[in-house]
Amino acid sequence: MPETNENSHFVCAFLNNESFEIVHRKFLESFSDYLISFQLSTQQFRNHIKLNAVDLNRSIGCFDNGELVGLSLNGFGTWNNVPTVYDAGTGVIPSHRKRGISESMFRTMLPIFQDEGYKQCLLEVISNNVPAIKLYEKLGFERTRDLYLMQSSELNAEKESADGIGYRDIDSPDMLLLSSLGDGRPSWQNSPEAVERSILMKRVIGAFDGDECVGYIAFSAGVGRVAQIAVRPEFRRRGIGTQLLVRMHADTRPGYDLQVINIDAALSGAVEFFRSVGFEVVLTQHEMLKVL
């Protein structure tokens, strides 16, 4: 049910009646001066929605005299086997900021999702976005971990293959099985479910010892963005991970830096591996969770 902000004439309501084009345009306007570039083409925006399991009809907007001035995109699924709502992007157009719109949207939608049986809400926020962090803390979100965005303009790696290991594409990957080779837990947008939702935009390359897969990389085809990479513990430090990155690099179109998004900062071994081949931390995000 639409809710009017008690301090204004703004109305919060789900986006059932808004066209995709309007939502996309207002999303771009809301993130036009974001701390990192978030200017997505129409196809990239569609990909973002699919990757994150966003339901636009269950995403919320804030309206000023019928004009969409703020929105919060919501993805739905499970997180640690718990029914979860994921914030895939909350923004307000510049002319309407600092007027309580984001808070109103959350206070409108979260009780509805709680009544529907969702048990938690998950999001990520850039670590130096102090106003957003203060809002989320006010709403009851707590930090669960820090996530790094690491980037490299040139891979620092030899091109020879590790002895006895072959590399080939995996056309029908079982992402849950492959994920068991690694350490830690991927972020929402890099989860096995997210990779499978976006598999047409991904490429998965495996490292094989005979017929046995001992490592793999899943990445956004053509743009050099790692979703998952892992090597079985007993096969590590043999150059397999490096060679998987070499193959992603060869697939990457000119003009794109290599990236690994939302790697758990606590996975020191993985972070140091990426540093060793030329990646640097360019951004830190806080993963935050609110129990509903």
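Predicted model: local features only at pLDDT ≥ 70, side-chain atom pairs only at ≥ 80, totals over all residues.
Contact here means heavy atoms within 4.5 Å. Residues are numbered from 1 along each chain as its sequence is written, and side-chain values use heavy atoms, with hydrogens and water left out.

- Ser 72 sits in strand β4; helices (H or I, at least four residues) and strands (E, at least two) are DSSP runs, numbered from the N terminus.
- Ser 72 is buried, at a relative accessible area of 0% (buried is under 20%, exposed is over 50%, partly exposed is in between, with a 1.4 Å probe and protein chains only).
- From Ser 72 to Ile 126 it's 54 residues along the chain, and their C-alpha atoms are separated by 16 Å.

**The nonpolar cores**

- A nonpolar core is a set of buried Ala, Val, Leu, Ile, Met, Phe, Trp, Tyr and Cys residues joined through side-chain atoms within 4.5 Å.
- The largest one has 27 residues, and Phe 106, Phe 113, Tyr 136 and Phe 141 have the most contacts inside it.
- At least two residues of this core come from each of β2 (11-14), β3 (60-64), β4 (67-79), β5 (82-92), α3, β6 (120-126) and α4.
- The top contributor to this core is α3, with six residues.
- Phe 106 touches Ser 72, Asp 87, Thr 90, Pro 111, Leu 123, Tyr 136, Leu 139 and Phe 141, again not counting residues up to four places away in sequence.
- There's also a second, separate core of 25 residues, and Tyr 148, Ile 217, Val 246 and Met 248 are among them.
- As background, nonpolar side chains tend to be buried together in soluble globular proteins.

**Helix α3 against helix α4**

- Helix α3 (residues 101-115) packs on helix α4 (residues 130-138) at an angle of about 30°, and their axes are 11 Å apart.
- Axes are lines fitted to C-alpha atoms, for helices over the stretch in contact, and angles run from 0 to 180 degrees between N-to-C directions.
- α3 and α4 are therefore roughly parallel to each other (under 35 degrees is roughly parallel, over 145 roughly antiparallel, 65 to 115 roughly perpendicular, and the rest oblique).
- On the α3 side, Ser 102, Glu 103, Phe 106 and Arg 107 make the contact, and on the α4 side Leu 135, Tyr 136 and Lys 138 do.

**Helix α1 against helix α2**

- Helix α1 (residues 20-30) and helix α2 (residues 42-51) also have axes 11 Å apart, but pack at an angle of about 95°.
- That makes α1 roughly perpendicular to α2.
- Phe 20, Val 23, His 24 and Phe 27 of α1 meet Thr 42, Phe 45, Arg 46 and Ile 49 of α2.

**Two asparagines with positive phi**

- Asn 65 isn't a glycine, yet its phi is positive, near 50°.
- Asn 65 lies in the loop between β3 and β4 and is exposed, with a relative accessible area of 73%.
- Asn 81 has a positive phi of about 65°, and it isn't a glycine either.
- You'll find Asn 81 in the loop between β4 and β5, where Asn 81 is exposed, with a relative accessible area of 75%.
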